[in-house]
Amino acid sequence: MSLQIRSYADAPGRRFPVDFHLVPPAAAFEGSDWVVNDIHVHGEAFAQLAVLYLEVKMDASMTQQCRRCLTPVAVAVTVDEPFELPILPDSDEVDPLPTALQMIETVHDPHVVCQADCRGLCPRCGANLNETPDHTCEKTDDERQTLRDFLT
Ligand SMILES: [Zn+2]
Ligand SMILES: [Zn+2]
């Protein structure tokens, strides 16, 4: 997504209110265990000497995986830090998304859990132990074999 900045560049130093959403393409997170669904950018911006200064807050809604049971977990992250974007010559727009994603990646917690007492997955079969607290795993054929061998 691009931000149109002609009015900023036409009035250097003048502050404009900004309030927009960035929606990253799903492909940006292909193969990764976190996804940013939406970034609400709000605050002020101004241009000066080929730089756009964004004095904004970013509220990102993300989906991550519980590190114990791999269930998707909705996570909200706020980045409250100004940043700058270069304005390329003869360009009327900038793309804040790559920088925004970098900043969110820096502050986000990679180790979320779905609940503090998440029981995780059965190490043997991968069953979700939150859903089946009484789960006990059948022994595998290999193990039965071993036990029978031991007893005879
Ligand atoms: Zn979990
Ligand atoms: Zn199991």
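**Figure 1. Separation of the two domains in the predicted model**. The centres of domain 1 and domain 2, taken over C-alpha atoms, are 45 Å apart. Domain 1 covers residues 3-116, and domain 2 covers residues 119-152. Along the principal axes, the C-alpha atoms of the protein occupy a box of roughly 90 × 25 × 20 Å. The radius of gyration of the protein is 24 Å, whereas a compact globule of 152 residues would have one near 15 Å.

**Figure 2. Secondary structure of the protein**. The protein has three helices and seven strands. In sequence order these elements follow the pattern β-α-β-β-β-β-β-β-α-α. Where contacts link residues at least 6 apart in sequence, 60% of them join residues at least 24 apart. Of the 152 residues, 12% count as buried.

**Figure 3. The largest nonpolar core**. This core has 14 residues. The members that touch the most other members are Ile39, Leu52, Leu54 and Met58. Strands β3 (34-48) and β4 (51-65) each contribute at least two residues to the core. In soluble globular proteins, nonpolar side chains tend to be buried together.

**Figure 4. Surroundings of Ile39**. Neighbours within four places in sequence are left out of this view's contact list. Beyond them, Ile39 is in contact with His21, Leu22, Met58, Ala60 and Ala100.

**Figure 5. Strand β2 and its pairing with β3**. The two strands pair in the antiparallel sense, over seven bridges. Strand β2 spans residues 16-22 and is hardly covered. Among its seven residues, the count of buried residues is zero.

**Figure 6. Pro123 in the loop between α2 and α3**. Helix α2 covers residues 97-107 and helix α3 covers residues 141-151, with Pro123 placed in the loop between them. Pro123 counts as exposed because it has 9 C-beta neighbours inside 10 Å, and the cut-off for an exposed residue is 12 or fewer. Pro123 and Cys137 are 14 residues apart in sequence. In space, their C-alpha atoms are 9.5 Å apart.

Terms used:
Residues are numbered from 1 along each chain as its sequence is written. Chains are lettered from A and ligands numbered from 1 in the order in which they are written. This is a predicted model: local features need pLDDT of at least 70, side-chain atom pairs count only at pLDDT 80 or more; totals for chains, interfaces and linings use all residues. Helices (H or I, at least four residues) and strands (E, at least two) are DSSP runs, numbered from the N terminus. A residue is buried if 20 or more other C-beta atoms lie within 10 Å of its own, exposed if 12 or fewer, and partly exposed in between; C-beta atoms are placed from the backbone. A nonpolar core is a set of buried Ala, Val, Leu, Ile, Met, Phe, Trp, Tyr and Cys residues joined through C-beta atoms within 7 Å. Two residues are in contact if their C-beta atoms, placed from the backbone, lie within 7 Å. The radius of gyration is taken over C-alpha atoms; the globule rule is 2.2 Å times the number of residues to the power 0.38. Domain bounds come from an automatic or database domain assignment. Two strands pair if DSSP finds at least two bridges between them.
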